[in-house]
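Here's a quick briefing to read with the model open beside you. Take a look at the structure, then work through the notes.

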Amino acid sequence: MLRVQRAALAGLVRVAEGLPGPGHARSSCLLPLPGSAARPEPRGWREAVAAAVGALQEGGLVAVPTDTVYGVACLAQDSRAVQSIYSLKGRNGTKPLAICLGDVEHIYRYCHVNVPDELLQDLLPGPVTLVLKRSEELNKDLNPFTSLVGVRIPNHPFIRELARACPGPLALTSANVSSQASTLTVSEFQDLWPQLSLVVDGGPIGDVQSPECRLGSTVVDLSVSGKFTIIRPGCALTSTVEILRQKYGLVPESS
């Protein structure tokens, strides 16, 4: 894979010429973030956010670090980009994508919320995906087979800044082919680079030797008033259930 410097981003972007994709050639940019996951430097991220926004607005897919594993994002309101993510993941379109927002207050535009705002604030931002009833504002081509949608606000400053800079929600999924292990470094999903417009390298996320670090977010369905359903245990199960049951009195839906 050929890598060359691109001066437009002060020499931080290495352009990786990808192998031909299905029917056409693609290229992606590998963009290292200043600092590290442990000691981020948000002031140096302006160029990275701008590059990612530009790629997304052109209908591209962008790999980003989150608070759990690496993800791939596109504009959720862009139907062609959403289809590209389904193709990237090797899905037939029946496994839903989450949306990613920068702040809790934006959830109300895209979802019908039937839990207290304080509950949302207690869990988000964080390694949790909240499944809620979707509103009419959300792209009908995003998960058209369900009336629900998962919402992520990762506790990672870069992706939150990126989400705030975009005109609508991001569609977000893990940076791996479905059924394969989640990824904690950009090199672990290098096979996907040719299909991506930009790869934002935030360094290793957690301990790459620890299976627990690859569990992804805890996914909990809050669409039924007064109840919750754990869809995926993920990495924050115990703390999430404790908040739902002890502080807000919610009960498992099977109860």
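Predicted model: local features only at pLDDT ≥ 70, side-chain atom pairs only at ≥ 80, totals over all residues.

Residues are numbered from 1 along each chain as its sequence is written, and side-chain values use heavy atoms, with hydrogens and water left out.

**The chain overall**

- You're looking at six helices and 14 strands; these are DSSP runs numbered from the N terminus, with helices being H or I of at least four residues and strands E of at least two.
- Of the chain's 255 residues, 49% count as buried (under 20% relative accessible area, with exposed over 50% and partly exposed in between, using a 1.4 Å probe and protein chains only).
- Take the contacts (heavy atoms within 4.5 Å) between residues at least 6 apart in sequence: 60% of them join residues at least 24 apart.

**Aromatic pairs**

- There are two aromatic pairs in the structure (Phe, Tyr or Trp rings, the six-membered one for Trp, with centres within 6.5 Å; planes under 30 degrees apart are stacked, over 60 edge-to-face, and the rest tilted).
- W45 and F158 pair edge-to-face, at 5.6 Å centre to centre with 75° between the planes.
- That pair links distant parts of the chain, 113 residues apart: W45 is in the loop between strand 3 (25-32) and helix 1 (46-57), and F158 is in helix 5 (residues 157-165).
- W45 is buried at 3% relative accessible area, and F158 is buried too, at 0%.
- Y70 and F189 make a tilted pair, because their ring planes sit at 45° with the centres 5.7 Å apart.
- Y70 lies in the loop between strand 4 (62-64) and strand 5 (71-75), and F189 in the loop between strand 10 (170-174) and strand 11, so this pair ties together parts 119 residues apart in sequence.
- Y70 is buried at 0% relative accessibility, and F189 is buried at 2%.

**A look at S217**

- S217 sits in the loop between strand 11 (198-201) and strand 12 (218-221).
- With a relative accessible area of 4%, S217 counts as buried.
- The S217 side chain makes a polar contact with the side chain of T129 at 2.8 Å (a pair of N or O atoms within 3.5 Å; within protein, one must be able to donate a hydrogen and the other to accept it, and residues adjacent in sequence count only if both atoms are side-chain atoms).
- Leaving out residues up to four places away in sequence, S217 touches T68, P127, V128, T129, R152, R232, G234 and C235.
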